[in-house]
Structures are given as structure tokens and as C-alpha cells.
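Colleague: I'm new to this one. Can you walk me through it?
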Amino acid sequence: MSAPAPTPSAALTLSDVAAELLDRHPDAVIVSTCGFTTRELFNAADRPENFYLVGSMGIAAPVALGIALARPARTVIALDGDGSLLMNLGVLPLVAGAGVPLLHVVVDNGMHESTGGQATVGRADFTALALAAGYAHAVRVEDAAGLRAADLTPRPALLHALTGPRTGGPGRRVTHTPQQIVERLSAALDPVAA
């Protein structure tokens with residue numbers, strides 16, 4: 001299963017995807033995979049509901065799934081990368097079988113950009129994989145108009161965003177310690193207990 005490469009002139013960026021998610025779901029818990037993805041979310045809007053993974057590739061969706069199971073009334077988003085999801089494809093049937101309304105976003109630039117741009121094994125068709133695993137809905141977008149128009153209401157849903165490589169710098173590193181990230185999210189989820 002392979003997905004086409006995006007047209008370079010119309011390619012989405014990771015910044016576009018992060019901005020759209022924050023605009024659509026300002027109160028959502030967003031679990032971001034490590035590397036540039038986490039940096040992008042941190043630089044776009046540092047907020048307690050962001051759970052930054054700062055060195056744990058392949059577990060954005062499992063962590064998001066755990067939060068969604070514990071807080072089923074919250075909107076929970078896994079902001080994943082193609083290389084990260086390829087490390088842990090077994091999470092797809094787990095998410096599908098859990099019965100939670102998770103939104104799983106896969107930003108696919110066809111490479112491990114955070115470690116130097118090594119190509120992934122190929123552009124996978126993550127929408128087909130998600131649907132085969134049992135997701136209620138999956139959609140692939142290749143440009144800003146498609147991203148804005150994407151209906152992600154049936155859940156669990158997977159949004160496969162084909163992007164180009166970054167054109168700017170990587171942005172600032174997350175300045176919070178892992179303990180602080182946990183404390184911030186815990187307080188946002190249980191403000192009375194904090």
C-alpha cells in the first residue's frame with residue numbers, strides 16, 4: 001500500500017497541520033510524537049493540553065489512546081509522523097477496537113526529518129491501513145483546501161496529511177521537563193485536584 005507524493009508547489013507543511021488542529025480543536029489534548037513534530041506544536045501554541053513526547057518515537061498514538069480511555073469526554077488527538085507510526089503499526093487495531101473517539105493525525109513527509117532526512121521505507125497508504133484495522137473513517141489530504149475541508153467526525157478517524165519537507169528551521173526545543181509536561185496535563189485534565 002503506497003500513497004502518492006504530494007505536488008511540491010502545493011505541499012502542506014507540518015505548520016499548516018498544527019495550526020488547523022489548534023484552530024478546530026482549541027481545547028483538545030494533543031499528544032505529539034518526538035522530534036520536529038513536538039517542536040512544531042510547542043512553537044505554534046505552548047499550552048497545558050499539549051503532551052510533548054521528547055524522545056519516545058512510536059508511542060504518540062498509544063499514549064493518546066490511554067488518555068482517551070481515561071477521559072472519554074475529552075477530544076484527544078495523536079499527532080503522529082509517518083516514521084513514528086511505521087514503528088508501531090500494531091496500534092491501529094488497538095485504537096479501532098478501543099471504541100474511543102480518538103483523532104489520529106499522521107503527518108507524512110516521507111522521511112525521518114528530525115534525524116537528518118533519511119527516507120522511510122516508502123510512502124504507506126495510512127488511510128487504507130486504518131480502515132483495514134477498523135477505524136470508522138480515514139481521509140488523505142495533500143493541500144490546505146483539502147485539510148480545511150476534511151470531515152473527521154466519525155471516530156476513531158485517521159487524517160493522513162501528505163506534506164513536503166520543512167523549509168524553515170526546526171524551531172525552539174521544548175523547554176519543559178518531562179515531569180513538568182505530565183504535571184501540566186494532569187492539572188488541565190483534573191483542575192480541582194491540582
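Modeller: Two strands pair if DSSP finds at least two bridges between them. Strands (E, at least two residues) and helices (H or I, at least four) are DSSP runs, numbered from the N terminus. This is a predicted model: local features need pLDDT of at least 70, side-chain atom pairs count only at pLDDT 80 or more, and totals for chains, interfaces and linings use all residues. Residues are numbered from 1 along each chain as its sequence is written, and side-chain values use heavy atoms, with hydrogens and water left out.

Colleague: OK. How many bridges link β1 and β3, and in which sense do they pair?
Modeller: Strand β1 (residues 29-32) pairs with β3 (residues 76-81) in the parallel sense, over 4 bridges. Ile 30 has Ile 77 as its bridge partner in β3.

Colleague: And how many bridges join β1 to β2?
Modeller: There are 3, and β1 and β2 (residues 50-52) run parallel. Val 31 is bridged to Phe 51 in β2.

Colleague: Are the side chains of β1 buried or exposed?
Modeller: Buried (under 20% relative accessible area, 1.4 Å probe, protein chains only; exposed is over 50%, partly exposed in between). Val 29 and Val 31 are on one side, Ile 30 and Ser 32 on the other.

Colleague: Why two sides?
Modeller: In a regular strand the side chains alternate between the two faces of the sheet.

Colleague: Switching to Thr 38. Why does Thr 38 count as buried?
Modeller: Because its relative accessibility is 3%. Thr 38 sits in helix α2 (residues 36-44). Leaving out residues up to four places away in sequence, Thr 38 touches residues including Ser 32, Tyr 52 and Val 174. Contact means heavy atoms within 4.5 Å.
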